[in-house]
Amino acid sequence: MEHFNIIQALCRSALSTPNSAVVQQIIRLKEALKKEGHSKEAKSLDALLVPSQKALEMTPSKIKQSFAIGKGDELTSKTPIPVDKETSTPLAEIYFGDDLPDEIPVFEDAIKEAIFSIIAEWSKFDKLVEIEAYPASSCLIYGLPGTGKTHLAKWIAKQIGLPVVLARLEGLMSSFLGTTAKNIGNLFAFADRYNCVLLLDEFDAIAKLRNDPQEVGEVKRVVNTLLQCLDSRKNRGFTIGVTNHESLLDPAIWRRFDIQIEIPKPSSKVVMSLLRKFLQPLEFADNEIKLFAWCIDDSTGADVETLAKWIKRSSVIDNNMTFAHTIRQFALLNSGRVDENKRNIILNNEEEFINALIEDDKYSFKQVDIAPLFGMTTSSLSKLKSKMK
Ligand SMILES: Nc1ncnc2c1ncn2[C@@H]1O[C@H](COP(=O)(O)OP(=O)(O)O)[C@@H](O)[C@H]1O
Ligand SMILES: [Mg+2]
């Protein structure tokens, strides 16, 4: 069917932020195609629709501003933020709804479902309180740097419908003895006073104090203050902790959080979705996306974002470069982002690069997929392949 690839690309873009009107129209299109006998095309639309429909079903309606809300004061852009007494640096940044992300990060469905279920619980807060089943009011998000944890925490806050008081623990730590504990106390007093979500980012910073034997007393004081503050905040508002190094966290602090979510590295399926998302508004064919994913496999979402930016840039600047060449340049200048083995293969010589793709069993490249990436015809690629043997 002529131009179906454009229709499919349009649908894919529209479904990247699904809403029920878009989904409905694509279902209509799919039905019409099916009726006219284009069953292959209808099926491919179906494949696009399934995850979006699921996401729509799961997306909870905005949480009613019910939980512990209305008890505190309203936070506005004019509210004075507490500062470190010694250095006058603010202890937190405030984010209002418009500054918070609308989209949940791209994760495996199982993780998304778990997160949606917490939010669904919060949306039934009043009913749960009636039967004395208090929902969780704190959660700890942990995983490698660059996996989307801070983004997720902000998105959760947006669902709750309250501004975020974001404190980087590093920023609360003062070189003046006793001031760190005081800063933590002041931060919590501030967060408890206003209706907000308290986001404690880079929580592991506290653990760094431990490496210094001179700081034993200070560490104890800081950890104790933190424990007390977390306990007394329990019925006042939501608290989200984020850490890259969960093993550094004091077990007592760890236990204070009702929910703990581990964010893993993205799977290759998630990497491909992330690539499509970050490459927008540009559209790429499946074989191209597969090549990019192969190159950045086993990295974090932040690395995928960097690669996508690179591809976008080179598609404007050197638009007659083959994709294999773009990837080679990326590997050359991003040694920390590309797996060392793959990097050697990519940079060594073209034949080795082609061979590695042919033999890869995760992405199952076909020769017709590979040839255009290297600016070859399929027949010249098979000639090269038989020469390699
Ligand atoms: N799974 C993901 N989905 C969408 N964006 C992601 C994902 N993982 C990382 N990112 C992007 O990478 C960057 C770093 O994410 P961030 O939330 O700061 O990571 P972390 O807090 O885990 O270090 C952000 O621009 C974010 O949007
Ligand atoms: Mg972060």
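Is lysine 127 buried or exposed? I looked this up before anything else. Lysine 127 is exposed, because its relative accessible area is 59% and the cut-off for exposed is over 50%. The model I am reading is a predicted one.

**Entry: lysine 127**

I placed lysine 127 in helix α5, which runs over residues 125–130. I then checked its separation from methionine 1, which is 126 residues away along the chain. The C-alpha atoms of lysine 127 and methionine 1 are 53 Å apart.

**Entry: the whole protein**

I noted the overall figures next. The protein has 389 residues, and 45% of them count as buried. I counted 19 helices and six strands in its secondary structure. The C-alpha trace spans about 70 × 55 × 35 Å along its principal axes. The accessible surface comes to about 20,100 Å², and carbon and sulfur atoms account for 51% of that surface. I also looked at contacts between residues at least 6 apart in sequence, and 73% of these join residues at least 24 apart.

**Entry: ligand 1**

Which residues are closest to ligand 1? I found 16 residues around ligand 1, the closest being Val106, Gly146, Lys149, Thr150 and Glu305. I went through the distances to its oxygen atoms one residue at a time. For lysine 149, an N or O atom of the side chain is 2.6 Å from an oxygen atom of ligand 1. For glutamate 305, an N or O atom of the side chain is 2.7 Å from an oxygen atom of the ligand. Histidine 151 takes part through its backbone, where an N or O atom lies 2.9 Å from an oxygen atom of ligand 1. On its own, ligand 1 has 560 Å² of accessible area, and the protein covers 79% of that.

**Entry: glycine 148**

I found glycine 148 in the loop between β2 (138–143) and α6 (149–160). Glycine 148 counts as partly exposed, because its relative accessibility is 22% and the buried class ends under 20%. Leaving out residues up to four places away in sequence, glycine 148 touches Pro105 and Phe107. I also checked aspartate 102, which is 46 residues from glycine 148 in sequence. Their C-alpha atoms are 14 Å apart in space.

The largest nonpolar core has 37 residues, and Leu275, Phe292, Trp294 and Phe353 have the most contacts inside it. The elements that give two or more residues to this core are α12 (268–279), α13, α14 (301–317), α15 (323–333), α17 (350–359), α18 (367–373) and α19 (378–388). Which element gives the most to this core? I found that α13 does, with seven residues.

I followed up phenylalanine 353.

I looked up asparagine 287, which is in helix α13 (residues 286–296). Asparagine 287 counts as buried, because its relative accessibility is 14%. Beyond its neighbours within four places in sequence, asparagine 287 is in contact with Phe365, Asp369, Pro372 and Leu373.

Threonine 225 is in helix α10 (residues 216–233). Threonine 225 also counts as buried, at 15% relative accessibility. Its contacts, with neighbours within four places left aside, are Ala181, Ile184 and Gly185.

**Entry: cysteines**

How many disulfides does the structure hold? I found zero. Cysteine 139 is in no disulfide, and the nearest cysteine sulfur, that of cysteine 196, is 15 Å away. Cysteine 229 is in no disulfide either, and its nearest cysteine sulfur, also that of cysteine 196, is 13 Å away. A disulfide needs two sulfur atoms within 2.5 Å. I then checked burial. Cysteine 139 counts as buried at 1% relative accessibility, and cysteine 229 is buried with a relative accessible area of 10%.

Notes
Residues are numbered from 1 along each chain as its sequence is written. Chains are lettered from A and ligands numbered from 1 in the order in which they are written. This is a predicted model: local features need pLDDT of at least 70, side-chain atom pairs count only at pLDDT 80 or more; totals for chains, interfaces and linings use all residues. Side-chain values use heavy atoms; hydrogens and water are left out. Buried means under 20% relative accessible area, exposed over 50%, partly exposed in between (1.4 Å probe, protein chains only). Helices (H or I, at least four residues) and strands (E, at least two) are DSSP runs, numbered from the N terminus. Contact means heavy atoms within 4.5 Å. A residue is near a molecule or strand if one of its heavy atoms lies within 4 Å of it. A polar contact is a pair of N or O atoms within 3.5 Å; within protein, one must be able to donate a hydrogen and the other to accept it, and residues adjacent in sequence count only if both atoms are side-chain atoms. Accessible areas come from the Shrake-Rupley method with a 1.4 Å probe; for residues, only the protein chains shown count as cover. A nonpolar core is a set of buried Ala, Val, Leu, Ile, Met, Phe, Trp, Tyr and Cys residues joined through side-chain atoms within 4.5 Å.
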